[in-house]
Amino acid sequence: MTEISAKKVKVSALCELCHARKAVMKRPKNLQKLCKDCFYKVFETEIHNTIVDAKLFSPGDKVAIGASGGKDSTVLASVLKTLNERYDYGLILVLLSIDEGIKGYRDDSLATVKRNQVQYEMPLEIISYRDLYNWTMDEIVSCAGIRSSCTYCGVLRRQALDRGAAKLGINHVVTGHNADDMAETVLMNLLRGDTARLEKSCAIITQSAGSPIKRSKPFKYTYQKEIVLYAHYKKLDYFSTECTYAPEAFRGTARELLKSLESIRPSCIMDIIYSGEHLVLAPKKKKITTSYKTNKKKTHTENEVNADGSVSLGRKKQFEDGNRCEKCGYLSSNRICKACMLLAGLEMNRAKVSIDNNTAVDGAAVLTRTLEQLSF
Amino acid sequence: MSENNPVKYLADSDTECQRCKAVPAVLITRKEAFCKNCFIRFIRGKQRKSMIDERYKVKYGAVQEKIGQQKVLLALSGGVSSLVLTDVVASLLQEQIESHKGRMGFELVLLNIDEFELESLNKRIEEILPILVERYAPVNIQYKVLSIESFLIDRAMIQKVLLNKDFTAIAQRLSDEQNKYTVADMLKLCPNKSSMEDLLTVIYEELILRTAFIENCETIIYGHSMTRIANEILALTVRGRGSSVYKAIADHTVQFMDKEFTILFPLRDVLFAEIIAYADLIELNKLEVKSTIVKSKITKNLTIRDLTTNYFSHLDATGYASTASTVVKTGEKLGAPQFKHSYGRCQICGVEIYQDPKEWLRRITVNDAAPIETEEEQEYVNLYKEALSSSETLDTENTHPVNICYGCIVTLSGAKQDTAFVWPLKDKDTNHEDKKVLDEYILTDDEE
Ligand code: SF4
Ligand SMILES: [Zn+2]
Ligand SMILES: [Zn+2]
Ligand SMILES: [Zn+2]
Ligand SMILES: [Zn+2]
């Protein structure tokens with residue numbers, strides 16, 4: 001028995017939770033020294049608690065896991081499979097991947113998802129930008145520039161996921177957004193003054209106006225570092241290269257700040273999320289202008305223009321209307337949906353590019369113009 | 001850094017002041033060129049606008065009768081912002097004296113709270129105060145210096161506080177002989193520098209309110225620049241105190257000891273760079289009280305406030321200078337959190353608790369062990385138990401639960417079990433103003 005020689009673990013080196021096994025790691029969330037088994041236990045239980053508290057699922061639900069092949073979504077698929085079996089959620093889980101068309105990144109990561117499909121025995125659906133929009137991200141970037149890549153990509157992905165889910169007859173997509181992402185979003189919304197999003201920055205379930213598909217984030221409270229550790233100990237097969245189109249510079253500054261903060265106070269990611277759950281807008285003060293006080297009937301209701309240039313109509317109204325995009329038929333609160341708007345801008349650009357072969361088109365400007373058209 | 005400084009200084013320029021169009025400009029800020037006088041008037045105008053209320057004006061007759069003599073307390077740290085605010089407000093009083101035959105709209109009281117790390121300051125506040133006040137004669141400005149130790153009014157309130165693994169907190173009263181703590185001692189028991197920083201704000205706030213109460217000041221003013229307020233918003237969010245943002249940074253009123261106080265930040269529209277420029281122009285900067293401690297370059301040795309401060313100055317230097325104003329505007333739009341119940345007030349810092357922090361933390365920081373599977377593992381557990389019983393365990397007798405907010409849980413976590421943490425605890429359900437009433441009017445309390 002090899003155990004005999006391995007024995008003599010000092011009491012002080014034991015796991016702080018079970019006191020039965022040697023501690024092998026410091027837990028990033030609170031620096032507790034844990035054994036592997038206890039780490040799995042707390043990691044999985046916390047996600048289970050999050051799912052139960054937010055009533056994310058009901059038995060029989062068919063749920064699509066937004067799978068990119070990266071560590072977050074790979075661990076999500078693995079943990080959901082484990083929890084579904086352990087706690088009898090009764091879920092039917094499907095992998096849903098988006099192929100943005102990014103060479104050297106997405107093609108390799110999709111290979112990982114295909115292996116995951118076998119490993120987790122889940123069906124896989126791949127939706128590509130090329131099939132859906134007749135554009136790949138590589139083409140978009142070469143046309144519109146690298147600076148706004150994530151803006152395009154985000155809008156297109158949102159719709160691609162919705163369409164993929166609809167195709168599979170699914171109305172719930174779970175994504176691998178983790179606690180670090182949540183905290184970063186809270187900070188970003190504050191720093192950019194995005195009041196429209198600020199209140200919702202910590203919502204675990206989101207549903208865009210007019211969309212029948214809801215999205216949720218079971219990893220809302222899960223630390224990125226713990227996801228990495230879990231993947232490492234469980235030897236999960238994931239793809240760790242970052243997208244070639246780096247995130248925008250300003251977001252990078254917030255990410256750096258969060259990293260330094262975490263290094264002096266590990267709980268700060270949770271602390272920021274707790275704070276974020278308490279940030280609400282004050283009821284709008286109605287300005288009473290004495291001269292108009294009498295009889296001034298509301299002749300028109302003003303639409304507020306959001307930071308992204310879109311216009312918020314009354315929320316309920318949007319749902320009732322069930323408007324569809326005139327171009328693609330997709331649910332949209334505007335006459336033309338955001339994706340079609342962006343693509344139209346690109347088409348104009350593509351035409352221009354092919355005529356005068358001007359490669360130095362300012363993509364950001366095109367994007368701003370396009371988004372401006374969204375507001376009335 | 002200077003290249004992106006929001007304020008550009010002009011040396012011997014031929015640029016004309018865009019305001020008076022009479023003299024050369026000395027600086028450019030907000031895309032406008034200012035001469036010295038116009039710039040000073042511009043900054044003063046910000047304060048005049050913020051304190052435009054009738055009560056700060058020279059009042060006569062019925063109005064004077066109704067509003068009464070007003071007193072304004074200015075929190076003076078000795079830093080450049082508070083010096084500039086003093087100058088701006090004192091200049092207002094000077095103008096009032098000149099145009100109203102010696103009458104002032106309000107009395108001004110400067111309050112300095114002695115820094116905790118006194119030795120670290122480059123000069124004593126007591127040296128600069130007389131010089132500062134002298135500058136504004138014939139305006140009569142009072143000043144007070146308060147020791148941080150005056151935070152303790154009732155030694156009996158001091159208790160030992162412990163945070164349990166399940167995030168509940170318990171407190172234990174101290175015997176008279178144990179209870180020798182000074183405020184400085186209590187701060188030294190903080191688990192880390194950021195916690196100390198957090199609790200220092202609690203102390204300052206309470207001391208300032210108390211002084212306003214004792215001195216009969218209806219208004220409290222702070223010299224915070226826009227940059228500083230933005231920093232405050234970010235730091236509160238990071239410290240898990242997001243629920244206080246809407247109150248902490250807006251001009252607002254607070255109830256304290258049954259009285260209402262107006263809290264104003266008259267320089268909230270002024271950039272920190274503009275405050276420095278103002279101080280330079282009128283040579284106030286030589287009075288500035290500064291810490292001589294050189295901030296570490298190593299992140300590990302910094303506090304949360306240090307990091308957020310660095311963050312904003314980094315943004316200024318990289319061309320994102322407008323971020324501070326965006327953050328302040330966002331903060332100003334916030335309101336009170338909407339939750340169904342309230343969990344009372346925090347007994348350490350006094351904030352209202354909206355969402356049970358213990359429950360919240362427990363769900364996402366599970367402390368259950370994985371099952372014990374082998375005999376060997378069981379042996380270790382036994383060994384551990386033996387070791388535990390032989391070492392001294394904390395006596396949990398005479399402890400009682402304490403209600404604490406999320407921010408204070410974070411501040412306390414990491415406090416050592418043996419030395420623990422001590423603090424003058426507030427009452428759980430009643431606010432201290434209620435307590436005062438009880439103390440005054442109830443002769444015996446048989447229920448205890
Ligand atoms: S980083 Fe940006 S461009 Fe790359 S996949 Fe993500 S959203 Fe798309
Ligand atoms: Zn263990
Ligand atoms: Zn469309
Ligand atoms: Zn001028
Ligand atoms: Zn508190």
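## Basis of the model

The model is predicted, with local features needing pLDDT of at least 70 and side-chain atom pairs counting only at pLDDT 80 or more, while totals for chains, interfaces and linings use all residues. Residues are numbered from 1 along each chain as its sequence is written, chains are lettered from A and ligands numbered from 1 in the order in which they are written, and side-chain values use heavy atoms, with hydrogens and water left out.

## Zinc sites in chain A

Donors are N, O and S atoms within 2.8 Å of the metal (3.2 Å for Na, K and Ca); water is not among the atoms, so sites may look incomplete. Four donors count as tetrahedral if all angles lie between 85 and 135 degrees. Helices (H or I, at least four residues) and strands (E, at least two) are DSSP runs, numbered from the N terminus.

The zinc ion (ligand 3) has the SG atoms of A:Cys325, A:Cys328, A:Cys337 and A:Cys340 as protein donors, 2.2 to 2.3 Å away. Its site is tetrahedral, with angles of 105 to 114 degrees among the four donor atoms, and the donor residues follow the spacing C-x2-C-x8-C-x2-C. A:Cys325 lies in the loop between α13 (315–321) and α14 (338–356) of chain A and A:Cys340 in helix α14 of chain A, so the two tie together parts that are 15 residues apart in sequence.

## Zinc site in chain B

B:Cys349 is in the loop between β12 (334–335) and α12 (357–364) of chain B and B:Cys408 in helix α14 (residues 406–412) of chain B, so the pair ties together parts that are 59 residues apart in sequence.

## A helix pair in chain A

Helix α8 (residues 179–192) and helix α11 (residues 249–264) of chain A pack at an angle of about 125 degrees, with axes 10 Å apart. Axes are lines fitted to C-alpha atoms, for helices over the stretch in contact, and angles run from 0 to 180 degrees between N-to-C directions. The contact (heavy atoms within 4.5 Å) includes A:Leu187 and A:Leu191 of α8(A) and A:Leu257 and A:Leu258 of α11(A).

## Backbone features

B:Ala137 and B:Pro138 are joined by a cis peptide bond, with omega about 10 degrees. B:Pro138 is in the loop between α4 (125–134) and β6 (141–146) of chain B. A:Leu31, in the loop between β1 and β2 of chain A, has a positive phi near 60 degrees and is a residue other than glycine.

Note on methods: Four donors count as tetrahedral if all angles lie between 85 and 135 degrees; four count as square planar and six as octahedral if opposite donors are over 155 degrees apart and all others between 65 and 115; anything else is irregular.
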